[in-house]
Amino acid sequence: MSPDFFTWPEIQALLARSLPQRQALQRLYARLPTTRCRRRAHCCALLPEASLVEVLAALAAIQEFPSERRLDLLKKAIRYFLVNPLEITSCPFLAGADCLIYADRFFGCRAYGLWSPEEYERRAGANRQAKSQMREQWLRLGVRLPTAVFDFQVPYCRKVEPDGAGPEADRELIAAEEAIEKIADYLGPEADRFRNLYFSDLSFLLAGLLLGVPEALRLKFTLVQEGLRTGSRKRLDETLLGLELPDAAQV
Ligand code: SF4
């Protein structure tokens with residue numbers, strides 16, 4: 001039996017029925033410690049992992065964009081998915097020094113700079129471990145990915161000025177993270193489908209919706225192989241240029 005990947009109509013239905021959960025998410029965000037970061041965007045080198053409710057909040061924000069801007073953004077997200085084993089391209093929501101979905105940015109963005117250095121390092125270690133498993137999977141397919149990209153971590157930021165950091169803040173943040181997962185679980189089994197099938201990766205979800213998951217994975221494998229062999233992104237850029245949004249994607 002093939003995995004239960006999402007379709008656009010399912011995502012649209014989720015958007016329509018997730019308003020209470022998205023509102024609960026915003027209430028929770030409002031209780032997070034605030035920072036005096038001036039949106040320098042240094043931390044936006046990677047798209048953070050997110051729960052389904054966070055992803056739906058981002059998609060609802062994208063819905064409000066004019067269609068051309070939305071198409072550009074969706075293409076950026078697909079490009080991010082296709083080439084992230086090859087290069088650090090920065091988060092697709094980053095435009096200059098601004099976040100396009102700032103009011104709906106993910107928990108990972110909000111918590112950055114609030115963790116203690118020790119907790120941040122603990123999380124970075126877990127992330128390195130997950131990435132090395134992924135690198136092994138690529139190796140089994142005969143593809144050796146560049147170490148510099150796979151070892152890349154957004155460095156700990158000492159410039160964010162938190163209101164109330166330290167171990168207390170770590171505990172609050174961990175509790176908030178767990179609460180967000182619980183809010184996502186109110187959406188039903190779809191929350192686990194997103195975690196388990198898409199690894200909490202919005203760029204994979206969008207690439208799968210727009211290209212079809214088998215085609216998105218096939219294209220990623222081909223383009224990564226070609227990129228490593230030739231150093232060229234020509235085929236990728238041509239693919240993205242020719243990409244048209246299916247009607248259903250006009251959310
Ligand atoms: S969603 Fe916005 S704040 Fe978060 S990493 Fe992307 S650009 Fe930065």
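Mentor: Ser-116 has a relative accessible area of 9%, and because the limit for calling a residue buried is under 20%, Ser-116 counts as buried. This is a predicted model, and in it Ser-116 sits in the loop that runs between α5 (107–111) and α6 (117–140). Its side chain is joined to that of Asp-170 by a polar contact of 2.5 Å. Once the neighbours within four places in sequence are set aside, the residues in contact with Ser-116 are Tyr-156 and Asp-170.

The side chain of Ser-203 makes a polar contact of 2.7 Å with the side chain of Asp-201. Leaving out neighbours within four places in sequence, Ser-203 is in contact with Leu-47, Ala-77, Tyr-80, Phe-81 and Asn-84.

Most residues other than glycine have a negative phi. Ser-90, although not a glycine, has a positive phi of about 80°, and it is found in the loop between α4 (67–83) and β1 (94–95). With a relative accessible area of 26%, Ser-90 is partly exposed. Phe-199 is likewise not a glycine and has a positive phi, here of about 55°, and its place is the loop between α9 (190–198) and α10. At 57% relative accessibility, Phe-199 counts as exposed, because the cut-off for that class is over 50%.

Turning to the packing of helices, the axes of α2 (residues 19–30) and α3 (residues 52–63) come within 9 Å and cross at roughly 100°, so α2 is roughly perpendicular to α3. On the α2 side the contact is made by Gln-21, Arg-22, Leu-25 and Tyr-29, and on the α3 side by Val-53, Glu-54, Leu-56, Ala-57 and Ala-60. By class, the residues of this contact are six nonpolar, one polar and two charged.

Lastly, there is the ligand, and the residues around it are Cys-44, Leu-46, Pro-48, Cys-91, Phe-93, Leu-94, Cys-99, Arg-105, Phe-106 and Cys-109. This shell divides into nine nonpolar residues, no polar residues and one charged residue.

Technical notes
Residues are numbered from 1 along each chain as its sequence is written. This is a predicted model: local features need pLDDT of at least 70, side-chain atom pairs count only at pLDDT 80 or more; totals for chains, interfaces and linings use all residues. Side-chain values use heavy atoms; hydrogens and water are left out. A residue is near a molecule or strand if one of its heavy atoms lies within 4 Å of it. Ala, Val, Leu, Ile, Met, Phe, Trp, Tyr, Cys and Pro count as nonpolar, Asp, Glu, Lys and Arg as charged, and the others, Gly among them, as polar. A polar contact is a pair of N or O atoms within 3.5 Å; within protein, one must be able to donate a hydrogen and the other to accept it, and residues adjacent in sequence count only if both atoms are side-chain atoms. Contact means heavy atoms within 4.5 Å. Axes are lines fitted to C-alpha atoms, for helices over the stretch in contact, and angles run from 0 to 180 degrees between N-to-C directions. Helices (H or I, at least four residues) and strands (E, at least two) are DSSP runs, numbered from the N terminus. Angles under 35 degrees count as roughly parallel, over 145 as roughly antiparallel, 65 to 115 as roughly perpendicular and the rest as oblique. Buried means under 20% relative accessible area, exposed over 50%, partly exposed in between (1.4 Å probe, protein chains only).
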